[in-house]
Amino acid sequence: MGELTYLTRDAKQQKPEARSQLLRLFEPKIKKSSQFAPIACREDLEQELRIQLLKVIDRFEESETLDFWKAVNQH
């Protein structure tokens with residue numbers, strides 16, 4: 001299992017350090033996603049993206065994710 005899976009599991013359990021670390025990992029994507037928004041709106045957009053990321057983490061169900069190696073070996 002990868003680091004991202006462990007971090008997500010811990011973040012879902014409301015562990016603050018894991019949640020902070022995931023936000024840091026996704027910060028470049030958040031910045032890139034907001035780059036075309038008007039400058040006056042970027043900060044609000046980035047904050048909303050962080051909130052949505054945390055909501056997705058809270059809904060994450062590890063049992064519903066596809067195991068990459070199982071999928072590769074099936075073909």
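The largest nonpolar core here has 7 residues: Leu 7, Ala 11, Ala 18, Leu 22, Leu 53, Leu 54 and Ile 57. Helix 1, helix 2 and helix 3 each give two or more residues to this core, and helix 3 supplies the largest share, 3 residues. Keep in mind that this is a predicted model.

- In soluble globular proteins, nonpolar side chains tend to be buried together.
- Helix 1 has Leu 7, Thr 8 and Ala 11 as buried residues. Looking down the axis of helix 1, these buried residues fall within an arc of 100°, so they line one face of the helix.
- That buried set packs against helix 2 and helix 3 (39-59).
- Thr 8 sits in helix 1 and is buried, at 10% relative accessible area.
- Setting aside neighbours within four places in sequence, Thr 8 is in contact with Leu 22, Ile 57 and Phe 60. Thr 8 and Ile 57 are 49 residues apart in sequence, yet their C-alpha atoms are 6.4 Å apart.
- Ala 18 touches Leu 7, Asp 10 and Ala 11, again not counting residues up to four places away in sequence.

- Gln 14 is in the loop between helix 1 (3-12) and helix 2 (16-34).
- Phi of Gln 14 is near 65°, a positive value in a residue other than glycine. For background, most residues other than glycine have a negative phi.
- Gln 14 is partly exposed, with 46% relative accessibility.

**Salt bridges**

- The count comes to 8 salt bridges.
- Asp 58 and Arg 19 meet through their side chains in one of them, at 3.0 Å from N to O. Asp 58 is in helix 3 and Arg 19 in helix 2, so this pair ties together parts 39 residues apart in sequence.
- Within that pair, Asp 58 is partly exposed at 33% relative accessibility, while Arg 19 is buried at 14%.
- Glu 46 pairs with Lys 31 in a salt bridge, with the closest N and O atoms 3.0 Å apart. Since Glu 46 lies in helix 3 and Lys 31 in helix 2, the pair ties together parts 15 residues apart in sequence.
- Glu 46 is buried at 9% relative accessibility, whereas Lys 31 is partly exposed at 41%.
- Glu 46 also forms a salt bridge with Arg 50, where the closest N and O atoms are 3.8 Å apart. These two are 4 residues apart in helix 3, about one helical turn, and Arg 50 is buried at 16% relative accessibility.
- Glu 27, Lys 31, Glu 46 and Arg 50 are linked in a salt-bridge network.

Terms used: Residues are numbered from 1 along each chain as its sequence is written. This is a predicted model: local features need pLDDT of at least 70, side-chain atom pairs count only at pLDDT 80 or more; totals for chains, interfaces and linings use all residues. Side-chain values use heavy atoms; hydrogens and water are left out. Buried means under 20% relative accessible area, exposed over 50%, partly exposed in between (1.4 Å probe, protein chains only). Contact means heavy atoms within 4.5 Å. The arc is that of the directions from the helix axis to the C-beta atoms. A nonpolar core is a set of buried Ala, Val, Leu, Ile, Met, Phe, Trp, Tyr and Cys residues joined through side-chain atoms within 4.5 Å. A salt bridge is a side-chain nitrogen of Lys or Arg within 4 Å of a carboxyl oxygen of Asp or Glu.
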